[in-house]
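User: Hi! I'm new to reading structures and would like to learn how the terms are applied. Could you take me through some of them?

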Amino acid sequence: ARRASLSLRRSAARTAPEDEHSMAPPLPAKEATLFKAIVKHYELKSYKKGLRAADQVLKKFPEHGETIAMKGLLLNCMEKKEEAYDLVRKGIKLDIKSQVCWHVYGLLYRSDREYAQAIKCYRGALRHEPDNVKILRDLSMLQIQLRLLPGFLETRQKLLTMKPTNRMHWFTFAVALHLVGRYDEAVGVVEAYERTLEGSDEPSKEPYEYSEMLLYKNTLYEEAGQPQKALDDLDAIKEKVADRTGWRERRAALLLAVGRHGEAGEEYLALLKRNPEHFGWHAGLQAAELQTATPTERWLSAEVTAEAEATLAALYSKLQKAYP
(Lines give C-alpha, C1' and ligand atoms only; values in the text may rest on other atoms or scores of the structure.)
Protein backbone atom coordinates (compact mmCIF):
# COMPACT_ATOMS: atom_id res chain seq x y z
CA ALA A 1 0.00 0.00 0.00
CA ARG A 2 1.12 3.53 -0.71
CA ARG A 3 2.67 5.14 2.35
CA ALA A 4 0.39 7.87 3.61
CA SER A 5 1.77 11.35 3.62
CA LEU A 6 0.66 13.36 6.60
CA SER A 7 -0.76 16.81 6.13
CA LEU A 8 1.29 18.27 8.94
CA ARG A 9 3.80 20.63 7.44
CA ARG A 10 1.54 23.64 7.53
CA SER A 11 -1.01 23.00 10.23
CA ALA A 12 0.35 20.57 12.79
CA ALA A 13 3.10 22.56 14.41
CA ARG A 14 0.96 25.62 15.00
CA THR A 15 2.87 28.63 16.12
CA ALA A 16 0.36 31.36 15.37
CA PRO A 17 -2.05 32.29 18.15
CA GLU A 18 -4.75 33.22 15.61
CA ASP A 19 -5.40 29.52 14.85
CA GLU A 20 -8.95 29.08 16.13
CA HIS A 21 -9.39 25.44 15.13
CA SER A 22 -7.47 23.94 18.02
CA MET A 23 -8.32 23.60 21.66
CA ALA A 24 -4.60 23.28 22.44
CA PRO A 25 -2.25 26.28 22.67
CA PRO A 26 0.32 26.64 19.88
CA LEU A 27 3.84 25.32 20.37
CA PRO A 28 6.76 27.73 20.77
CA ALA A 29 9.17 27.95 17.84
CA LYS A 30 11.71 25.45 19.23
CA GLU A 31 9.12 22.74 19.91
CA ALA A 32 7.34 23.48 16.63
CA THR A 33 10.62 22.74 14.84
CA LEU A 34 10.93 19.51 16.81
CA PHE A 35 7.39 18.57 15.82
CA LYS A 36 8.25 19.02 12.15
CA ALA A 37 11.25 16.76 12.75
CA ILE A 38 8.89 14.09 14.14
CA VAL A 39 6.92 14.17 10.90
CA LYS A 40 10.11 13.99 8.85
CA HIS A 41 11.38 11.01 10.84
CA TYR A 42 8.03 9.26 10.30
CA GLU A 43 8.22 9.81 6.55
CA LEU A 44 11.82 8.54 6.48
CA LYS A 45 10.91 5.54 8.67
CA SER A 46 13.37 6.69 11.36
CA TYR A 47 10.91 5.78 14.08
CA LYS A 48 13.28 5.75 17.04
CA LYS A 49 14.56 9.21 16.18
CA GLY A 50 10.97 10.35 15.86
CA LEU A 51 10.15 8.99 19.30
CA ARG A 52 13.12 10.83 20.83
CA ALA A 53 11.93 14.08 19.27
CA ALA A 54 8.37 13.45 20.47
CA ASP A 55 9.60 12.82 24.01
CA GLN A 56 11.51 16.11 23.95
CA VAL A 57 8.32 17.99 23.06
CA LEU A 58 6.23 16.08 25.61
CA LYS A 59 8.79 16.75 28.35
CA LYS A 60 7.81 20.42 28.23
CA PHE A 61 4.25 20.02 26.90
CA PRO A 62 2.97 16.68 28.21
CA GLU A 63 -0.58 17.32 27.03
CA HIS A 64 0.13 18.41 23.47
CA GLY A 65 -2.42 16.26 21.64
CA GLU A 66 -0.84 16.26 18.20
CA THR A 67 2.56 15.18 19.53
CA ILE A 68 0.94 12.40 21.54
CA ALA A 69 -0.93 11.25 18.43
CA MET A 70 2.28 11.30 16.39
CA LYS A 71 4.04 9.27 19.06
CA GLY A 72 1.22 6.75 18.76
CA LEU A 73 1.66 6.62 14.99
CA LEU A 74 5.38 5.95 15.37
CA LEU A 75 4.72 3.17 17.87
CA ASN A 76 2.18 1.66 15.48
CA CYS A 77 4.92 1.44 12.87
CA MET A 78 7.00 -0.45 15.44
CA GLU A 79 4.17 -2.99 15.94
CA LYS A 80 3.21 -1.63 19.38
CA LYS A 81 -0.41 -1.34 18.37
CA GLU A 82 -2.23 -1.35 21.69
CA GLU A 83 -0.08 1.46 23.06
CA ALA A 84 -0.38 3.28 19.73
CA TYR A 85 -4.18 3.31 19.80
CA ASP A 86 -4.22 4.42 23.44
CA LEU A 87 -1.94 7.37 22.69
CA VAL A 88 -3.82 8.47 19.58
CA ARG A 89 -7.16 8.36 21.42
CA LYS A 90 -5.61 10.39 24.21
CA GLY A 91 -4.32 12.89 21.67
CA ILE A 92 -7.81 13.30 20.22
CA LYS A 93 -9.32 13.85 23.67
CA LEU A 94 -6.76 16.56 24.34
CA ASP A 95 -7.18 18.25 20.95
CA ILE A 96 -10.47 17.06 19.50
CA LYS A 97 -10.55 19.77 16.84
CA SER A 98 -7.15 18.87 15.41
CA GLN A 99 -7.27 17.48 11.88
CA VAL A 100 -3.82 16.01 12.55
CA CYS A 101 -5.05 13.81 15.40
CA TRP A 102 -8.02 12.58 13.36
CA HIS A 103 -5.85 11.96 10.31
CA VAL A 104 -3.38 9.94 12.41
CA TYR A 105 -6.27 7.95 13.89
CA GLY A 106 -7.39 7.15 10.35
CA LEU A 107 -3.90 6.01 9.40
CA LEU A 108 -3.88 3.56 12.29
CA TYR A 109 -7.18 2.05 11.22
CA ARG A 110 -6.03 1.93 7.63
CA SER A 111 -2.86 0.08 8.60
CA ASP A 112 -5.12 -2.58 10.18
CA ARG A 113 -7.33 -2.62 7.06
CA GLU A 114 -10.31 -1.30 8.97
CA TYR A 115 -11.18 0.97 6.08
CA ALA A 116 -14.69 1.96 7.17
CA GLN A 117 -13.34 3.23 10.51
CA ALA A 118 -10.47 5.00 8.73
CA ILE A 119 -12.99 6.82 6.52
CA LYS A 120 -14.86 8.02 9.61
CA CYS A 121 -11.61 9.40 11.01
CA TYR A 122 -10.71 11.14 7.74
CA ARG A 123 -14.15 12.74 7.73
CA GLY A 124 -13.51 13.84 11.29
CA ALA A 125 -10.29 15.49 10.14
CA LEU A 126 -12.06 17.20 7.24
CA ARG A 127 -14.66 18.70 9.57
CA HIS A 128 -11.87 20.82 10.99
CA GLU A 129 -9.94 21.41 7.75
CA PRO A 130 -12.33 20.71 4.84
CA ASP A 131 -9.91 21.78 2.10
CA ASN A 132 -6.94 19.64 3.10
CA VAL A 133 -5.81 18.07 -0.17
CA LYS A 134 -3.82 15.21 1.36
CA ILE A 135 -6.66 14.06 3.58
CA LEU A 136 -9.14 14.31 0.69
CA ARG A 137 -6.79 12.24 -1.44
CA ASP A 138 -6.42 9.59 1.28
CA LEU A 139 -10.20 9.56 1.73
CA SER A 140 -10.79 9.04 -1.99
CA MET A 141 -8.39 6.08 -2.05
CA LEU A 142 -10.35 4.31 0.69
CA GLN A 143 -13.66 5.17 -0.94
CA ILE A 144 -12.62 3.47 -4.18
CA GLN A 145 -11.14 0.58 -2.17
CA LEU A 146 -14.59 -0.02 -0.65
CA ARG A 147 -16.40 0.85 -3.91
CA LEU A 148 -18.18 3.78 -2.27
CA LEU A 149 -18.62 5.31 -5.71
CA PRO A 150 -20.90 8.31 -4.97
CA GLY A 151 -18.54 9.44 -2.20
CA PHE A 152 -15.50 8.83 -4.41
CA LEU A 153 -17.10 10.96 -7.13
CA GLU A 154 -17.84 13.78 -4.68
CA THR A 155 -14.30 13.76 -3.27
CA ARG A 156 -12.60 13.71 -6.68
CA GLN A 157 -14.82 16.56 -7.88
CA LYS A 158 -13.80 18.64 -4.88
CA LEU A 159 -10.12 17.92 -5.49
CA LEU A 160 -10.45 18.98 -9.12
CA THR A 161 -12.22 22.19 -8.08
CA MET A 162 -9.43 22.96 -5.61
CA LYS A 163 -6.51 22.01 -7.91
CA PRO A 164 -7.67 22.44 -11.53
CA THR A 165 -4.10 22.63 -12.86
CA ASN A 166 -3.31 19.09 -11.72
CA ARG A 167 -3.81 16.61 -14.57
CA MET A 168 -4.32 13.68 -12.20
CA HIS A 169 -7.42 15.33 -10.70
CA TRP A 170 -9.02 15.70 -14.14
CA PHE A 171 -8.63 12.03 -14.95
CA THR A 172 -9.57 10.64 -11.56
CA PHE A 173 -12.75 12.72 -11.75
CA ALA A 174 -13.42 11.34 -15.24
CA VAL A 175 -12.85 7.80 -13.93
CA ALA A 176 -15.25 8.47 -11.04
CA LEU A 177 -17.96 9.55 -13.51
CA HIS A 178 -17.14 6.51 -15.64
CA LEU A 179 -17.57 4.14 -12.69
CA VAL A 180 -21.04 5.48 -11.85
CA GLY A 181 -22.11 5.14 -15.49
CA ARG A 182 -22.19 8.86 -16.38
CA TYR A 183 -20.27 8.32 -19.61
CA ASP A 184 -21.24 11.53 -21.41
CA GLU A 185 -20.08 13.63 -18.47
CA ALA A 186 -16.84 11.65 -18.27
CA VAL A 187 -16.23 12.39 -21.97
CA GLY A 188 -16.97 16.05 -21.24
CA VAL A 189 -14.32 16.13 -18.51
CA VAL A 190 -11.68 14.61 -20.82
CA GLU A 191 -12.61 17.06 -23.58
CA ALA A 192 -12.45 19.97 -21.14
CA TYR A 193 -8.92 18.89 -20.20
CA GLU A 194 -8.05 18.60 -23.90
CA ARG A 195 -9.07 22.23 -24.35
CA THR A 196 -6.64 23.26 -21.61
CA LEU A 197 -3.84 21.80 -23.77
CA GLU A 198 -4.57 24.02 -26.75
CA GLY A 199 -1.43 25.97 -27.60
CA SER A 200 0.72 23.95 -25.19
CA ASP A 201 3.55 21.56 -26.08
CA GLU A 202 2.35 18.76 -23.77
CA PRO A 203 1.02 16.52 -26.59
CA SER A 204 4.43 16.60 -28.31
CA LYS A 205 6.44 16.38 -25.06
CA GLU A 206 4.42 13.45 -23.70
CA PRO A 207 2.98 11.79 -26.81
CA TYR A 208 2.28 8.44 -25.17
CA GLU A 209 0.31 9.90 -22.27
CA TYR A 210 -1.61 12.14 -24.66
CA SER A 211 -2.34 9.11 -26.82
CA GLU A 212 -3.61 7.11 -23.85
CA MET A 213 -5.94 9.97 -22.94
CA LEU A 214 -7.46 9.86 -26.44
CA LEU A 215 -7.86 6.09 -26.27
CA TYR A 216 -9.51 6.37 -22.86
CA LYS A 217 -12.06 8.82 -24.25
CA ASN A 218 -12.65 6.39 -27.10
CA THR A 219 -13.33 3.61 -24.57
CA LEU A 220 -15.96 5.81 -22.94
CA TYR A 221 -17.85 6.07 -26.23
CA GLU A 222 -17.80 2.30 -26.58
CA GLU A 223 -18.93 1.62 -23.01
CA ALA A 224 -21.72 4.17 -23.45
CA GLY A 225 -23.14 1.87 -26.14
CA GLN A 226 -22.01 3.99 -29.10
CA PRO A 227 -19.70 1.69 -31.09
CA GLN A 228 -20.12 3.61 -34.36
CA LYS A 229 -19.20 6.89 -32.66
CA ALA A 230 -16.24 5.15 -31.05
CA LEU A 231 -15.13 3.82 -34.46
CA ASP A 232 -15.42 7.24 -36.11
CA ASP A 233 -13.47 8.81 -33.26
CA LEU A 234 -10.79 6.11 -33.45
CA ASP A 235 -10.26 6.76 -37.15
CA ALA A 236 -10.04 10.50 -36.45
CA ILE A 237 -7.29 10.11 -33.82
CA LYS A 238 -5.23 7.55 -35.74
CA GLU A 239 -2.22 9.81 -36.33
CA LYS A 240 -2.16 10.92 -32.68
CA VAL A 241 -2.09 7.41 -31.18
CA ALA A 242 1.35 6.15 -30.20
CA ASP A 243 0.27 2.55 -29.55
CA ARG A 244 -0.32 1.43 -33.13
CA THR A 245 -1.02 -2.18 -32.18
CA GLY A 246 -3.50 -1.12 -29.51
CA TRP A 247 -5.20 1.20 -32.01
CA ARG A 248 -5.57 -1.60 -34.56
CA GLU A 249 -6.83 -4.04 -31.93
CA ARG A 250 -9.50 -1.56 -30.82
CA ARG A 251 -10.49 -0.87 -34.42
CA ALA A 252 -10.91 -4.59 -35.15
CA ALA A 253 -13.15 -5.03 -32.09
CA LEU A 254 -15.26 -1.99 -33.01
CA LEU A 255 -15.65 -3.19 -36.60
CA LEU A 256 -17.00 -6.44 -35.18
CA ALA A 257 -19.40 -4.53 -32.94
CA VAL A 258 -20.89 -2.55 -35.86
CA GLY A 259 -21.18 -5.61 -38.08
CA ARG A 260 -18.39 -4.86 -40.57
CA HIS A 261 -17.05 -8.40 -40.34
CA GLY A 262 -14.95 -8.41 -43.50
CA GLU A 263 -12.95 -5.36 -42.44
CA ALA A 264 -12.64 -6.73 -38.91
CA GLY A 265 -11.19 -9.96 -40.32
CA GLU A 266 -8.61 -8.00 -42.29
CA GLU A 267 -7.53 -6.14 -39.15
CA TYR A 268 -7.21 -9.35 -37.16
CA LEU A 269 -5.18 -11.00 -39.92
CA ALA A 270 -2.84 -8.00 -39.93
CA LEU A 271 -2.47 -8.32 -36.15
CA LEU A 272 -1.76 -12.05 -36.37
CA LYS A 273 1.16 -11.30 -38.68
CA ARG A 274 2.76 -9.62 -35.65
CA ASN A 275 1.95 -12.47 -33.28
CA PRO A 276 0.36 -15.62 -34.78
CA GLU A 277 -0.18 -17.10 -31.30
CA HIS A 278 -2.25 -14.29 -29.76
CA PHE A 279 -5.32 -16.04 -28.35
CA GLY A 280 -7.57 -12.97 -28.32
CA TRP A 281 -6.84 -12.07 -31.92
CA HIS A 282 -7.67 -15.61 -33.02
CA ALA A 283 -11.00 -15.30 -31.19
CA GLY A 284 -11.69 -12.00 -32.97
CA LEU A 285 -10.82 -13.48 -36.37
CA GLN A 286 -13.11 -16.44 -35.70
CA ALA A 287 -15.96 -14.06 -34.84
CA ALA A 288 -15.35 -12.16 -38.08
CA GLU A 289 -15.44 -15.38 -40.10
CA LEU A 290 -18.61 -16.53 -38.36
CA GLN A 291 -20.09 -13.02 -38.63
CA THR A 292 -20.87 -12.63 -34.94
CA ALA A 293 -20.40 -9.51 -32.84
CA THR A 294 -18.81 -11.23 -29.84
CA PRO A 295 -15.69 -13.44 -29.95
CA THR A 296 -15.92 -16.89 -28.35
CA GLU A 297 -12.80 -17.71 -26.35
CA ARG A 298 -13.97 -20.96 -24.75
CA TRP A 299 -15.24 -23.32 -27.44
CA LEU A 300 -15.36 -26.39 -25.19
CA SER A 301 -18.52 -25.15 -23.49
CA ALA A 302 -20.07 -23.62 -26.63
CA GLU A 303 -22.45 -25.23 -29.06
CA VAL A 304 -20.83 -25.46 -32.49
CA THR A 305 -22.98 -26.03 -35.57
CA ALA A 306 -21.71 -28.10 -38.47
CA GLU A 307 -21.64 -24.95 -40.61
CA ALA A 308 -19.52 -23.05 -38.06
CA GLU A 309 -17.16 -26.00 -37.73
CA ALA A 310 -16.67 -26.15 -41.49
CA THR A 311 -16.05 -22.38 -41.68
CA LEU A 312 -13.43 -22.50 -38.94
CA ALA A 313 -11.78 -25.60 -40.42
CA ALA A 314 -11.38 -23.78 -43.73
CA LEU A 315 -10.00 -20.69 -41.96
CA TYR A 316 -7.37 -22.65 -40.05
CA SER A 317 -6.41 -24.64 -43.10
CA LYS A 318 -5.35 -21.31 -44.65
CA LEU A 319 -3.66 -20.13 -41.47
CA GLN A 320 -1.73 -23.39 -41.16
CA LYS A 321 -0.19 -22.75 -44.57
CA ALA A 322 0.60 -19.13 -43.69
CA TYR A 323 2.08 -20.01 -40.28
CA PRO A 324 3.31 -23.64 -40.52
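User: What makes the pair T67 and H64 a polar contact?

Analyst: Good place to start! A polar contact is a pair of N or O atoms within 3.5 Å; within protein, one must be able to donate a hydrogen and the other to accept it, and residues adjacent in sequence count only if both atoms are side-chain atoms. The side chains of T67 and H64 are joined at 2.6 Å, so the pair counts as a polar contact. A word on the background: this is a predicted model, where local features need pLDDT of at least 70, side-chain atom pairs count only at pLDDT 80 or more, and totals for chains, interfaces and linings use all residues. Residues are numbered from 1 along each chain as its sequence is written, and side-chain values use heavy atoms, leaving out hydrogens and water.

User: Why is T67 called buried?

Analyst: Buried means under 20% relative accessible area, exposed over 50%, and partly exposed in between (1.4 Å probe, protein chains only). T67 has 0% relative accessibility, so T67 counts as buried.

User: Which residues does T67 contact, leaving aside its neighbours within four places in sequence?

Analyst: Those are F35, I38, A54, V57 and L58, where contact means heavy atoms within 4.5 Å.

User: And why is G72 called buried?

Analyst: The relative accessible area of G72 is 0%, so G72 is buried too. Not counting residues up to four places away in sequence, G72 touches A84, L87 and V88.

User: How far apart are G72 and A24 in sequence and in space?

Analyst: They are 48 residues apart in sequence and 18 Å apart in space, C-alpha to C-alpha.
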